[in-house]
Amino acid sequence: MIVSTSFGTPGGQRAGDPSGKHPRIEPGSPRMRIGSSTDELLPLSTGRGLLMGSLIVEVNGRRLDCSSAPVIISDLIHCAKYISWARFILVVEKDATFQKLTQEGFLSQFSPALLVTGKGYPDISTRKFLKHITSIYKVPLFGLMDCDPHGIEIAMTYKYGGRLKSAEVGDLSLPNFIWIGLSRSEVCRYPLPREQFLPLQKTEFKKTAKLCERAAALHDWTLLCELNCLRESRTKLELEAISGIAPGFMCNELLAEKLAEFRCETHRQIENDLTPL
C-alpha cells in the first residue's frame, strides 16, 4: 500500500511534470491509505520506504500523484494501476540523502525520474514495490549507497535478495539493479578533508570478509573489487561528506557524472554557458 506524506518539494516545484496536467494531492494533506475495503481514504500513521517522482498510483478511481510530494511505501497494491513516465529509478540508502537530493532539485535536473529510499536496510515493502514497478516499466534502476560495508550489503540485498532465503517473501531480487557508488576507489577525485574518512571497525572488517565471499560466489567482481578497496584503505565514507563539499555538489557533480545521459538538456546547457572559453 502507498500513502502520501504531508510535506512537499522546496518552493512547491513539481518534478517530472512541466505541463502541470497530472492530478495531485496537496502537500498539506494528511497521510492517507489508498484502496481500503470501504473505498475511502483512511489515516495511516506508520511507514518505512519513501518515493517521489514521475508516478501516479490509481486505485478505485482515486489518484495519488507521487510527483507533488514524497510518498511512504508501506505495502504494495497489486490491483493498483501504475502510470509512470520516468526514464530511470534512483535508490539511495538513507532518508538524509533522499531529503538532500530533493532539496537540491534532483527531480527537476533529471526529470522524469523516480527517487526511492529504503531508509537503511530495505524492508520487504520497498523491495516489493521496486520489483513490481520494474516488471511493468523496463527502466534502468541505479543504487547510491554509503562507501562502507553496510552500504555494499544493502546494494547486494537489492540486487540479489537477502542472504537468508527462508526469510524472503518470493523472489525480490532486482537483476537490473546497478550500483553507482559511493565508490572508495573514486572518492579521491573529490576535495574531501582527511577527517571525513572514518576508520573501519573490527566488526566491519568481519562483515567485509563475509561480503567478499558472497560477492565472489555471485561473480559480482565490481562489488568484490570495491570491498577489497575498503579493506585495503581501512576507511569508510558517508554520502553526507560528499553533499557537504558545496551546495548542490551531489547533484551537480557526482550524479551529473554518473547519470549524465539522463540529465535534462536545460541543465546541461546552463553549465555549458557558464563554462569559461
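1. Lys236 and Glu204 are joined through their side chains by a salt bridge (2.8 Å, N to O), the term being used for a side-chain nitrogen of Lys or Arg within 4 Å of a carboxyl oxygen of Asp or Glu. This pair links distant parts of the chain, with Lys236 in strand 14 (residues 235–236) and Glu204 in helix 5, 32 residues apart; helices (H or I, at least four residues) and strands (E, at least two) are DSSP runs, numbered from the N terminus. Glu204 is buried, at a relative accessible area of 15%, where buried means under 20%, exposed over 50% and partly exposed in between (1.4 Å probe, protein chains only).

2. The model is predicted, so local features need pLDDT of at least 70 and side-chain atom pairs count only at pLDDT 80 or more, whereas totals for chains, interfaces and linings use all residues. Residues are numbered from 1 along each chain as its sequence is written, and side-chain values use heavy atoms, with hydrogens and water left out.

3. Asp146 forms a salt bridge with Lys94, their closest N and O atoms lying 2.7 Å apart. Asp146 belongs to the loop between strand 11 and helix 4 and Lys94 to the loop between strand 9 and helix 1, so the pair ties together parts that are 52 residues apart in sequence. Both Asp146 and Lys94 are buried.

4. Helix 4 is mostly covered, 11 of its 12 residues being buried, among them Ile152, Glu153 and Tyr158. Helix 4 is followed by Gly161, whose phi is positive, near 95 degrees.

5. In helix 8 (residues 249–258), the buried residues include Phe249, Met250 and Leu254.
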